[in-house]
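Reader: I'd like to learn how to read the features of this one. Could you walk me through them?

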Amino acid sequence: MPQLYAEVFAPWANGLSLKLGHFYTIMGHEMVAAPENFFYSHAYHFQYAKPLTHTGLLAEYAVGDRLKLQAGLTRGWDTWEDNNNDLGFLGGLVWTSPSERTSLALSVHTGPEADEPPEQGRFRTVYSLVFNHKCTDRLTYVLQHEWGYEPRATAADPPGNWYGVNQHLIYKINPIWAAGLRLEWFRDKGGTRVLDTPQGPQRADFFELTAGLNWSPRERLF
């Protein structure tokens, strides 16, 4: 089950919401649910750079009309049951410009991911930065950057280190058609994310270019 959570809202100051259960991550640009993305396929960053889901608690508070803060505790990456007894931290902030044409989202997750008993210092940490700018009424540009690190990530004992840049360019041709381009570079420097084979980590750079069209014949059909 991808999500199962309860969410409550308290009208305190600008509003405080609290989410408890199993939910999608706040990290990155591409979402798990296909209708929320321009492309049906996913980037390397989506699959290997960050978690997709969390089980835990997440609070969100609006500081005025332009800034949103998020913070909470999780049971790790993509798990229902934790494989150790330590909690992870998930937090972030989202800023929107006064014109609402530009937004900047920064998020981070850190915590032990090794099996119980976890060894000291084996924290997996990743941050995600997403810049979204509406260049014109038709053209939107998105820049996503992630960096992750995990000391002693495998039995072979090399540190896990990964990072890269993922870009989207979306052009709305008319109310029915839109064109998109995705250009990505992902570096698995430690060889622990993409090609961690039985023969040992395979360090590599990964590049991909994706182009496509979206057709939305009706307001409720896309």
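Reader: Which residues form one aromatic cluster?

Author: Ground rules before that: this is a predicted model, where local features need pLDDT of at least 70, side-chain atom pairs count only at pLDDT 80 or more, and totals for chains, interfaces and linings use all residues. Residues are numbered from 1 along each chain as its sequence is written, and side-chain values use heavy atoms, with hydrogens and water left out. As for rings, those of Phe, Tyr and Trp (its six-membered ring) pair if their centres lie within 6.5 Å; planes under 30 degrees apart are stacked, over 60 edge-to-face, and the rest tilted. Here Y44, Y48 and F206 form one aromatic cluster, and the whole structure has 9 aromatic pairs. In one of these, the ring centres of Y44 and F206 are 5.1 Å apart with planes at 35°, so the pair is tilted.

Reader: Is F206 buried or partly exposed?

Author: The cut-offs are: buried under 20% relative accessible area, exposed over 50%, partly exposed in between (1.4 Å probe, protein chains only). F206 counts as buried at 12%, while Y44 is partly exposed at 26%. Another pair to look at is W147 and Y149: their ring centres are 6.2 Å apart and the planes are at 5°, so this pair is stacked. W147 has a relative accessible area of 30% and Y149 33%, so W147 is partly exposed and so is Y149.

Reader: What does S128 touch?

Author: A contact means heavy atoms within 4.5 Å. Leaving out residues up to four places away in sequence, S128 touches M27, G28, A105, L106, S107, H145 and E146. S128 belongs to strand β7 (residues 123-134) and is buried, at 0% relative accessible area. A polar atom of the S128 side chain also lies 3.1 Å from the backbone nitrogen of G28.

Reader: How many cavities of 30 Å³ or more are there?

Author: On a 1 Å grid over the protein atoms alone, a cavity is a set of points where a 1.4 Å probe fits but cannot get out; a pocket is an open set with protein on both sides within 12 Å along at least five of seven lines, and lining residues have an atom within 4 Å of a point. Points are joined across faces, edges and corners, and a volume is the space filled by probe spheres set on them. The count is 1 cavity of 30 Å³ or more. The largest cavity holds about 50 Å³, and its lining includes Y24, M27, M31 and F46.

Reader: What is the volume of the largest pocket, and which residues lie nearest its centre?

Author: The largest pocket comes to about 670 Å³. It is lined by 26 residues, with P35, N37, F38, I170 and N214 nearest its centre. β8 (139-150), β9 (160-172), β10 and β13 each give two or more residues to that lining.

Reader: And which element supplies the largest share of the lining of the second largest pocket?

Author: That is β6, with 4 residues. The second largest pocket has about 540 Å³ of space; among its 27 lining residues, I26, M31, K68, Q70 and V94 are the closest to its centre.

Technical notes:
Polar contact = N/O pair within 3.5 Å; in protein donor to acceptor, adjacent residues only side chain to side chain.
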